[in-house]
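Please walk through this protein one feature at a time. Keep the sequence and the model side by side as you read.

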Amino acid sequence: VPGGSFKADVDKVLGLFGPDDLWWADGTGQKYVFRLKGEEAGTRIEENGANRAVIKATGWYVNDQDRPVCMGELRLEYYRGQSFVRLYHTVTFAGDPWREKLGSYGIRLRLAEAGFDSAAVELDGRRVAGKKVSLLQGSSDGAALTVDGNTSTGRRSLGAVSLVGTGGTTALYHRDFWQMAPKKLEADAKAGTVTYSYWPGEAGV
């Protein structure tokens with residue numbers, strides 16, 4: 001990637017995330033969304049080597065009054081000759097730990113505006129597919145699955161999800177998904193989105 005920095009649209013972080021795709025909600029339901037603004041905010045090329053390039057976006061989660069609650073860092077790692085990309089997402093809480101409680105936070109990835117034909121997740125070593133799939137890993141040994149409105153249960157998910165369409169297959173993987181429970185993933189084939197809730201609302205405050 002040429003140069004040491006570049007400009008990015010504040011409403012399209014790293015070309016992947018829209019205004020509401022990176023969120024934090026407190027225990028009262030107050031929502032904060034990620035913005036490329038505030039101290040140390042911006043997008044830059046952190047590494048530009050022969051075999052690896054790293055793009056970093058730094059910003060803050062703010063509410064509708066522009067009050068910040070935590071700083072966020074997103075790193076995209078690209079490798080020469082490889083078809084995969086690694087995303088590292090770091091959040092540093094800057095609020096009052098004695099007064100403020102976490103309600104939920106997570107990330108939504110928009111993979112294709114045209115959408116896909118089906119979505120699939122992994123649960124207990126089997127592939128489960130549908131148009132809309134939701135998987136809640138409520139504990140390290142218990143998961144709840146909903147596929148097109150039909151519910152079932154299982155033990156553990158690896159956090160793997162794929163979207164399949166005429167243009168091919170796009171797959172995502174959340175490392176240590178069940179080990180870091182509670183976690184939730186949602187896949188919508190028609191919308192072409194995958195949402196990972198690092199702390200799902202179902203987990204409580």
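Which residues does K56 touch, not counting residues up to four places away in sequence? The model is predicted, and in it K56 touches G42, T43, R44, E46, E73, L74 and R75. K56 itself lies in strand 4, which covers residues 52–62. Its relative accessible area is 14%. Buried means under 20%, so K56 counts as buried.

Now step back to the whole fold. The protein has 16 strands and zero helices. Its C-alpha trace spans about 50 × 45 × 30 Å along the principal axes. How does the radius of gyration fit with a compact globule? For 205 residues, such a globule would have a radius of gyration near 17 Å. The protein has 18 Å, which agrees.

Contacts and surface come next. Take the contacts between residues at least 6 apart in sequence: 54% of them join residues at least 24 apart. Of the 205 residues, 42% count as buried. The accessible surface comes to about 11,100 Å². Carbon and sulfur atoms account for 49% of that surface.

Next, the largest pocket. Its volume is about 950 Å³. The lining consists of 23 residues, and the closest to the pocket centre are V85, R86, L87, Y173 and H174. Which strand gives the most? Strand 6 does, with five residues. By class, the lining has 16 nonpolar residues, four polar ones and three charged ones.

Now turn to the loops. A114 sits in the loop between strand 7 and strand 8, the latter being residues 118–123. Is A114 buried or exposed? The cut-off for exposed is over 50% relative accessible area. A114 has 78%, so it is exposed. For a sense of distance, pair A114 with V62. The two are 52 residues apart along the chain, and their C-alpha atoms are separated by 30 Å.

Backbone geometry deserves a look too. A cis peptide bond joins A181 and P182. Its omega is about 5°. P182 is found in the loop between strand 14 and strand 15, with strand 15 running 183–188.

That loop also holds D176. The phi of D176 is positive, at about 55°, although D176 is not a glycine. How accessible is this residue? The relative accessible area of D176 is 35%, so D176 is partly exposed.

D148 is another residue to check. It is not a glycine, and its phi is positive, near 50°. D148 lies in the loop between strand 11 (142–147) and strand 12 (150–154). With a relative accessible area of 43%, D148 is partly exposed.

K56, in strand 4, is buried at 14%. A114, in the loop between strand 7 and strand 8, is exposed at 78%.

Key. Residues numbered from 1 in each chain as written. Predicted model: local features only at pLDDT ≥ 70, side-chain atom pairs only at ≥ 80, totals over all residues. Heavy atoms only, no water. 1 Å grid on protein atoms, 1.4 Å probe; cavity = no way out; pocket = protein on both sides within 12 Å on 5 of 7 lines; lining within 4 Å. Points joined across faces, edges and corners; volume = space filled by probe spheres on them. Helix = DSSP H or I, 4+ residues; strand = E, 2+ residues; numbered from the N terminus. Nonpolar A, V, L, I, M, F, W, Y, C, P; charged D, E, K, R; others polar. Rg over C-alpha atoms; globule rule 2.2 N^0.38 Å. Buried < 20%, exposed > 50% of the residue type's maximum accessible area, 1.4 Å probe, protein only. Contact = heavy atoms within 4.5 Å. Areas by Shrake-Rupley, 256 points an atom, 1.4 Å probe, with all protein chains shown as cover.
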